[in-house]
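The following note sets out numbered points on the structure shown below.

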Amino acid sequence: MAVPDLEQEGWVVVPMFNEAEVIGPVVRELTQSFAHVVCIDDGSSDGSANIAREAGARVLKHPLNLGQGAALQTGFEYVARQPGITHVITFDADGQHLVGDALEMLELAKRKRISVVFGSRFLDKRTKPGLKKRIVLKLAVLFTRVFTGLRLTDAHNGLRVLSMEALDFVRLEQNGMSHATEIVHQIAKSKLAWREYPVEVLYTEYSKNKGQSLWNSVNILIDLLVR
Amino acid sequence: MISQWILAIALILVGVYLLKARRSASQQAIRRLFIIVALVAGFFAVLFPNYTTAVASLLGIGRGTDLLLYAFVVFALVYVVHQYRRQLWQEKVTTDLARALTLAEAEIEDLRNSRKL
């Protein structure tokens, strides 16, 4: 199903921290549709890097754990130097995204010349987050709207497609989880065209345990205010 | 009361420092002057304890002890905020360093791989 152009020109960036349990299949699936999959190993101690490499990813290693935002930024700077790249796709390592969604988003970005496509789990009924999760995510959405002015329906979805033009405007300084709001903020300031695209988020036991809590909303708020 | 104004303004300035501070020469100079003034004031407070009460009542605070307590709280807050900002800055430096290392390593690996092919 992969279109040759999409396969070569869209680079996938996967921030990764201690995901040995799941990263192998995630990378293998990605490499079936994308020629370039870059995992940024954020100081994992469980051998994630080797597993990802064996599965076919290009692995960059942070010498110490810095946070997901920092890993994404490293990935962005790495792919920005690559010849022939037109888009970067951010994809979570824990297996909660569908590769098919990523392909559709990339295809949409190219066909309609939209600079940024954000994945949203709230545009259709496929994703079934629990009540607590829904409340946390909706609070994040509300907060992102107030802070960035962008009317997204899902603020903390790890699946995004950015054109190289958009990537020029992105410079993540929030090492932790607040980068999700920061990236929206920087895109909002760029005035580039953006769109949301319905994606499914798979809640496995594994990803549920890694999810964000309500307390994290407070941390994100303070992160963004105190810089 | 004048002391209330001074304290309120001091706390607001601490808040501004927390939110807006950028590293600059002027800030460093202010910090150092601050420390010198605090040392000198402390020195005189030790030598002439009665004067602290005189200064306190001048500002509308009852006792010299209270004046010292208020000053201590403000200084402690300034210290906490300053250390917090330093830590943020340190984190940024560490991140830049780690990223530079990661990207340099990646570049070497890429060069090696392209030679092998």
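1. A:Ile114 is located in the loop that joins helix H5 (99-111) and strand S5 (116-120) of chain A. The model is a predicted one. A:Ile114 counts as partly exposed because it has 18 C-beta neighbours inside 10 Å, where 20 or more would be needed for a buried residue. Beyond its neighbours within four places in sequence, A:Ile114 is in contact with A:Leu108, A:Ala109, A:Ala193, A:Trp194 and A:Arg195.

2. A:Ser163 belongs to strand S6 (residues 160-163) of chain A, which is covered on both faces. On one side A:Arg160 and A:Leu162 are buried, and on the other A:Val161 and A:Ser163 are buried. In a regular strand, side chains alternate between the two faces of the sheet. S6(A) has S5(A) as an antiparallel partner, with three bridges between them; A:Val117 has A:Val161 as its bridge partner in S6(A). S6(A) also pairs with strand S4 (residues 87-90) of chain A, in the antiparallel sense and over four bridges. Within S6(A), A:Arg160 is the residue opposite A:Thr90.

3. What is the order of the strands in the open sheet of chain A? The seven strands run S3-S2-S1-S4-S6-S5-S7, and their pairing is mixed. Strand S3 (58-61) and strand S7 (194-198) of chain A are at the edges; each has a single partner strand, so one side of each is left without a neighbour in the sheet. On average, and with direction ignored, neighbouring strands of this sheet are turned by 20 degrees against each other.

4. Strand S1 (residues 10-16) of chain A pairs in the parallel sense with S4(A), over four bridges, and in the parallel sense with S2(A), over six bridges. On the S4(A) side, A:Val13 has A:Thr90 as its bridge partner, and A:Val12 stands opposite A:Ile89. On the S2(A) side, the bridge partner of A:Met16 is A:Asp41.

5. Is S1(A) mostly covered or mostly open? The strand is mostly covered, with seven of its seven residues buried. A:Gly10, A:Val12, A:Val14 and A:Met16 point one way, A:Trp11, A:Val13 and A:Pro15 point the other way, and all of them are buried.

6. Not counting residues up to four places away in sequence, A:Ala52 touches A:Met16, A:Ile23, A:Val27, A:Cys39, A:Ala57 and A:Val59.

7. A:Ala49 lies in helix H3 (residues 48-54) of chain A. A:Ala49 counts as buried because it has 22 C-beta neighbours inside 10 Å. Its contacts, leaving aside neighbours within four places in sequence, are A:Asp41, A:Ser44, A:Val59 and A:Lys61. A distance of 13 Å separates the C-alpha atoms of A:Ala49 and A:Val37, which are twelve residues apart along the chain.

8. Helix H6 (residues 131-148) and helix H8 (residues 179-190), both of chain A, pack at an angle of about 35 degrees with their axes 10 Å apart. The crossing in which H6(A) passes H8(A) is right-handed. H6(A) contributes A:Thr144, A:Phe147 and A:Thr148 to the contact, and H8(A) contributes A:Thr181, A:Val184, A:His185 and A:Ala188. These residues comprise three nonpolar, four polar and no charged.

9. How many residues does each chain give to the contact between chain A and chain B? Chain B gives ten residues and chain A gives 13 residues. On the side of chain B, the elements giving two or more residues are helix H1 (2-20) and helix H4 (64-116) of chain B. H4(B) gives the most to this side, with eight residues. By type, the residues of the side of chain B that touches chain A are six nonpolar, two polar and two charged.

Conventions
Residues numbered from 1 in each chain as written. Chains lettered and ligands numbered in written order. Predicted model: local features only at pLDDT ≥ 70, side-chain atom pairs only at ≥ 80, totals over all residues. Contact = placed C-beta atoms within 7 Å. Nonpolar A, V, L, I, M, F, W, Y, C, P; charged D, E, K, R; others polar. Axes fitted to C-alpha atoms, helices over the stretch in contact; angles between N-to-C directions. Left-handed = near helix turned anticlockwise from the far one by under 90°. Buried ≥ 20, exposed ≤ 12 C-beta atoms within 10 Å, placed from the backbone. Pairing = 2+ DSSP bridges.
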